[in-house]
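Thanks for passing this one along. Here are a few notes to read beside the model.

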Amino acid sequence: MLDVSGLNPQQREAVTTVQGPVLILAGAGTGKTRVITHRMAWMLSKGVSPGHILAVTFTNKAAREMQERVNKLVPRRRSTPGEPAERPTLCTFHSLCVRILRRHIDKLGYKPNFTIYDEAEQVGVVRRILAKISQGTDKVKPREVLAVLSRIRNASPEERLVIDPTTLALARHVQRGYESSLRAANAVDFDDLILLTLRLFKEHPDALEDCRSRHRYIMVDEYQDTNGSQFELVRLLAGATHNLCVVGDDDQSIYGWRGAKIANLLDFEKYFPEVKVVRLEQNYRSTNNILRAANHVISNNPRRRGKQLWSEHGDGEKIRLIACEHDDAEAQFVVDEIQVAKTIRGIRWGDQAVLFRTNQQSRPIEAALRKAGVRYRIIGGQSFFDRLEIRDFLAYLKVLHNPHDDASLLRIANVPARGLSDATLERILTASHERKSSVFAAMRHTDVQEQFQERARLCLKDFLRFLEDTRHRLETSPIGQLLAPWAESVMTTVGYWDHLRGTEKNPEIADNRIRNLKELIAALDAPEVNRSLPALERLGESLSDMALDTSRGADDEDKAGDEVTLITAHSCKGLEFPHVYIVGLEEGLLPHTRSKDEGTLDEERRLFYVALTRAMRTLTLSYCAARKKYGQLTPSHPSSFLRELPMELVDHETSAARKPVAAGQGKSLFAGMRDRVAQANGGAPAST
DNA sequence: AATTGCTAAGTTTTT
DNA sequence: CTTAGCAATT
């Protein structure tokens, strides 16, 4: 039997309630992951078959982490010959759906080698549609259209009524073109993964039954972030058994702008009246001063499940609130503090994190850190996968995997230049629309080819031959053949390396890009892809992994050295740091200006709450009297949220004032500092 | 066909 | 201040 004596009573209740619906309200730092992993282990120890357990998370990182922790808790069962040991399914919503769809999508009229469009590709599709219908009259932003599109596709009819009718009409109009574009390309987007799975379940009850009998115990992590269709999916899967355990925190719902429905959590009883609700309120992360401040801030929100976090860690230090003159002074202050903490208190850089609302706020901080010689890493921000060379390369792979992938084909058709001009491609694109076919299919058609002059036609045929030959080479490669050499030869054949060197004047940057690419190529044969599959399918698996897990690759950070973390308030959810600095607590930034128009002040407050509750031991907040905005220094005002902090928990200072050191403390502090400087030697001294 | 130069815009972003 | 997109130029 699994030992649950290390858990507190609420955790234990959550872990041991296996049958029927369970709602675990897990406050920040209350051991949520511990509960989920123990619950899985508990079920296994009670004889539930591992194959019957499904746990769904939102991020791959969370899924991986849980996988590891479950493995530690439950010694892997020995595999009997011929029958490999089954393991619980632990994955994201999207990867779960990919798995289901790879098996069944042919029933919906797609081919199993479908492509997953990422946001950049979606934007491309929408842009082409907008260009076609509006002829450049009004300027609607593709990303905004895309956001509305996602909303109308995921929302129920009554929810759609809230959307502004003009926007709705436009989005509806775009929707037709968008969906047929994706269909022709045998491509799906992130929303489709969920929506098509739902459609599959509705149109093919046998597929649903199949999944239901497989997944009899379901857990959903970060439940407050589920959207309408994800809820629907969960509800279908939980079916008759109602063995559904959802874990979440309404106070940490910060993805409403992206379609997440906090109501899924708030109204859980409506759909599962017999639910058992468990509140986890004992916090294992922070001091009580931090928790009291966070509790107080969030109590200003309406419509909460309500909970009070507390911990056994004592009061701890007061929260510091620093007023700065401008953003550069703020950055300098934070960096000085980081250095002081390191040299005087012996706090590693790796135990300190700077949190901000918007990515661009990291710039002055980065500059100050670099100047002071402090190592840092930025989480999120511009992704590895956003880089030009990576996108080009992936487009090549995607086209070779699925030639009907229009977005990727158009991207690489003339990169490097091979005589297929924009005008030529434009005509092919039009032809493909007329024929309701993919661009690739249009290219192959002799009628289309004959539109062009000899020269363009030859270039087109060369390109087609390249695609077909290369694809054929992969198809006929022996089982077990590695992908990397093939991929590298593709890039050589098309002259991509020279192209990179040619377009980038700075040879260092060019080399850097080439190195990036080679790294990615090497990762194609990662051990987690199934080597026994045919190469083409293996390529497909690699591609969906990359589409669904963008953090991978840039993610060996855990073992990285001693580095300060720079991170947005959004992406810090789920993380914790001993010492946290939250910068830019100004009106218009947090809460963000846009939240006023959209009436989402509550969500901004939750975002602040999430940021506050990341801190374990010390918390430093700062704001500026002025901030550079598009190069101009403009005045700013303290965030209204700061008034919601209980005054008695806060020390208010200005960045210019240096706190005097108490008489008795001085000696030992400085002795400690000297010692550490002597032995650390690599750490730059605090600047003056 | 590719390069240069101008204009306009500029939250958050797990998948 | 940046960056991306588009137009005009060679």
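What radius of gyration would a compact globule with 688 residues have, and what does chain A have?

1. Overall size. This is a predicted model, in which local features need pLDDT of at least 70, side-chain atom pairs count only at pLDDT 80 or more, and totals for chains, interfaces and linings use all residues. Residues are numbered from 1 along each chain as its sequence is written, with chains lettered from A and ligands numbered from 1 in the order in which they are written. To the question: a compact globule would be near 26 Å, and chain A agrees, at 27 Å (taken over C-alpha atoms; the rule is 2.2 Å times the number of residues to the power 0.38). The C-alpha atoms of chain A fill a box of roughly 90 × 60 × 55 Å along the principal axes.

2. Elements. Chain A has 29 helices and 18 strands (DSSP runs, numbered from the N terminus: H or I of at least four residues, E of at least two).

3. The DNA side. DNA strand B is surrounded by 30 residues, the closest being His94, Tyr255, Ala417, Ser421 and Thr568 (near means a C-beta atom, placed from the backbone, within 6 Å). Two or more residues each come from α4 (93-104) and α27 (593-598).

4. A residue to look at. Phe231 sits in helix α11 (residues 228-238). Phe231 counts as buried because it has 20 C-beta neighbours inside 10 Å (20 or more is buried, 12 or fewer exposed, in between partly exposed; C-beta atoms are placed from the backbone). By that criterion, 40% of the 688 residues of chain A are buried.
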